[in-house]
Amino acid sequence: MSERIGVVGAGILGLAVARELARSRGAEVTVLDKEPGVAVHQTGRNSGVVHAGIYYPPGSLKARLCREGVGLLREYCAEHALPYDEVGKLVIAANRGERAALRGLAERARANGVPDVAEVDALGLREIEPHAVGVGAVHSPHTAIADFAAVARRLAADVTELGGSVKLRHPVTALRESGDTVRVLAGGERFAFDRLVSCAGLGTDAVARMAGRAGDVRIVPFRGEYFALAGAAKSLVRGLIYPVPDPRYPFLGVHLTRRIDGEVLVGPNAVMALAYEGYSWRRIRPADLRRILTFPGTARLAAEHWRTGVREVYGSLAKRAFLAAARRYVPELTGGDLVRTSGGVRAQAVRRDGSLVDDFVIDVHGRVALIRNAPSPAATSSLAIARHIAKAVP
Ligand SMILES: Cc1cc2nc3c(=O)[nH]c(=O)nc-3n(C[C@H](O)[C@H](O)[C@H](O)COP(=O)(O)OP(=O)(O)OC[C@H]3O[C@@H](n4cnc5c(N)ncnc54)[C@H](O)[C@@H]3O)c2cc1C
């Protein structure tokens, strides 16, 4: 009998993992998701950027799996006629103070194997993005955009073609390891698996608790809000325009992103959400909030970064702050060019001491493997993360 593996989560990671386990191990896979469709959460609510691997510390899982993931994703999109467009990216220094950081970024990108990275001056950057300004930039011509939700739908089709199943409206509410079986209750149905892999995104802590492995890190939900450029303003941005990131945070700062459907997004900011799936300020879940706030790491994080937090909250409430962030790079933009659009919530792991977990974390113990931290660039890296997990799961 073939190995039976359950996968929690029909986001891009769960589906990529299920497909890889079915392909490489011949496993009989069952994907369980609580939602009525695939890619409802982070996978369907992000910037759609196929990151080239510029920022991540060389040798980290993010650096390795991002580079490997880009190659696999480009091939996968070509094979299945899914959109993939190398629109290119500029990381722009707005002033001399930021300029020093560009050299370090370019060196890191080269160390990670990002192809054709170049440093350009103020004139050079305008040749690439005629409406952008800055004192210099790092240019990554192969940074691309894709439709991660479309990739997830295709992966789901692969899973079923490989004999597996994707069971939607199946919230996992209990699981227990007994002997060599993992018993799972999902959507009122009972399942018995040889192994279970959790790729539950914002639901990670709940699954970890069910597995008896709450551990020392917790997910803190960080909402990322976006505006979209309206009408003719869309033509002011050709590809991807990013600020020099603040090295203290894993978030990349408000950027301008051309999407595969032709829209241009401005965002995302990063505000702590008041529910795991807190897509707006109005969405408050007391039970989630209690869990988030009683974790010692949350208070320490807030104490350390309250100034940035206040600025981000202001940015969330005031369109003016968002416009100012965008106008640093594209000064022709005016208030009328920005219309609010939907955003996403990042599942970001935080340690008890309040520090943000930077790298991907995959925790394999017994018959249950938990992905505990898979923020950006996990969508880019999904096919490589899936290979990594297929090898890591005994
Ligand atoms: C605003 C924003 C911008 C981003 N930009 C980029 C980008 O440009 N490029 C990039 O590479 N990455 C980006 N990311 C990160 C990327 O979207 C995520 O890393 C990736 O989508 C993670 O995929 P996932 O499958 O782990 O999570 P998800 O897509 O969130 O999937 C998790 C799934 O688990 C399900 N689930 C949870 N609990 C349960 C349960 N108990 N039972 C059953 N099902 C459950 C959920 O319903 C969900 O479908 C961004 C993320 C955000 C939020």
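Trainee: Helices (H or I, at least four residues) and strands (E, at least two) are DSSP runs, numbered from the N terminus. With that settled, where is proline 377 found?

Mentor: Proline 377 is in the loop between β21 (368-373) and α10. Keep in mind that this is a predicted model.

Trainee: What kind of peptide bond joins serine 376 and proline 377, cis or trans?

Mentor: The bond is cis, and omega is about 10°. There is also a cis bond from glycine 267 to proline 268, where omega is near -5°. Proline 268 is in the loop between β17 (264-267) and β18 (271-272).

Trainee: What about alanine 81, is phi positive or negative?

Mentor: Positive, near 55°, and alanine 81 is a residue other than glycine. Look for alanine 81 in the loop between α2 (61-79) and β4 (84-85).

Trainee: Switching to the ligand. How many residues surround the ligand?

Mentor: The count is 36, and the closest are Asp33, Thr43, Val49, Ala374 and Thr380. By class, 17 residues of the shell are nonpolar, 14 are polar and five are charged.

Trainee: Which elements supply at least two residues each?

Mentor: α1 (12-25), β19 (338-351) and α10 (378-392) do. The largest share comes from α10, with three residues.

Trainee: How much of the ligand's area does the protein bury?

Mentor: The protein buries 96% of the 1,000 Å² that the ligand exposes when taken alone.

Trainee: Now the overall layout. What domains is the chain divided into?

Mentor: Domain 1 covers 4-48 + 149-216 + 358-392, and domain 2 covers 85-144 + 218-351. Their centres, taken over C-alpha atoms, are 28 Å apart. The contact takes 20 residues from domain 1 and 25 residues from domain 2.

Trainee: How much area is buried between domain 1 and domain 2?

Mentor: About 1,800 Å², and carbon and sulfur atoms give 44% of that.

Trainee: Which residues of domain 1 lose the most area to domain 2?

Mentor: Arg45, Ser47 and Leu202, which together make up 37% of what that side buries.

Note on methods. Residues numbered from 1 in each chain as written. Predicted model: local features only at pLDDT ≥ 70, side-chain atom pairs only at ≥ 80, totals over all residues. Heavy atoms only, no water. Near = heavy atom within 4 Å. Areas by Shrake-Rupley, 256 points an atom, 1.4 Å probe, with all protein chains shown as cover. Nonpolar A, V, L, I, M, F, W, Y, C, P; charged D, E, K, R; others polar. Domains from an automatic or database assignment. Contact = heavy atoms within 4.5 Å. Buried area = accessible area lost by both parts, 1.4 Å probe.
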